[in-house]
Amino acid sequence: MHMAMVIGGGIVLLGLFILFGHLWGASTAAMALAARWFVPAWALVALVNMWVGVTHAGYTVRAELPILGIVFVVPAAVAFAVAWMLGRG
């Protein structure tokens, strides 16, 4: 359940990035750029989530690596898809 909540939080954060891209640039190019900037920010958040799982929840790094992959890849893939769609239009 925690993993789904973190992924959902990533999708919400992507929406905020795109919203701010629209507010600052008022164009689809600015929104696409904001979606691309989301990816490194999300990588940092996913790594912090892994660090918390290892240091506070007692999981091993080996147990947390697949979770890190899923938690990072799902919102990042959505961000790349949104950036691609906005870049086309």
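How many helices and strands does the chain have? The count comes to 3 helices and 0 strands, with helices (H or I, at least four residues) and strands (E, at least two) taken as DSSP runs numbered from the N terminus. Along the sequence this reads α-α-α, and the C-alpha atoms fill a box of roughly 45 × 20 × 20 Å along the principal axes.

The model is a predicted one, so local features need pLDDT of at least 70 and side-chain atom pairs count only at pLDDT 80 or more, while totals for chains, interfaces and linings use all residues. Residues are numbered from 1 along each chain as its sequence is written, and side-chain values use heavy atoms, with hydrogens and water left out.

As for helix packing, the axes of α2 and α3 come within 9 Å and cross at roughly 175 degrees (lines fitted to C-alpha atoms over the stretch in contact, angles running from 0 to 180 degrees between N-to-C directions). That makes α2 roughly antiparallel to α3, a label for angles over 145 degrees. Their contact has 23 nonpolar, 4 polar and 2 charged residues; Ala, Val, Leu, Ile, Met, Phe, Trp, Tyr, Cys and Pro count as nonpolar, Asp, Glu, Lys and Arg as charged, and the others, Gly among them, as polar.

Then there is N49, found in helix α2. The N49 side chain makes a polar contact with that of H2 at 3.2 Å (N or O atoms within 3.5 Å, one able to donate a hydrogen and the other to accept it; residues adjacent in sequence count only if both atoms are side-chain atoms). Leaving aside residues up to four places away in sequence, N49 touches H2, V6, E64 and V71, contact being heavy atoms within 4.5 Å.

Terms used: Parallel < 35°, antiparallel > 145°, perpendicular 65-115°, else oblique.
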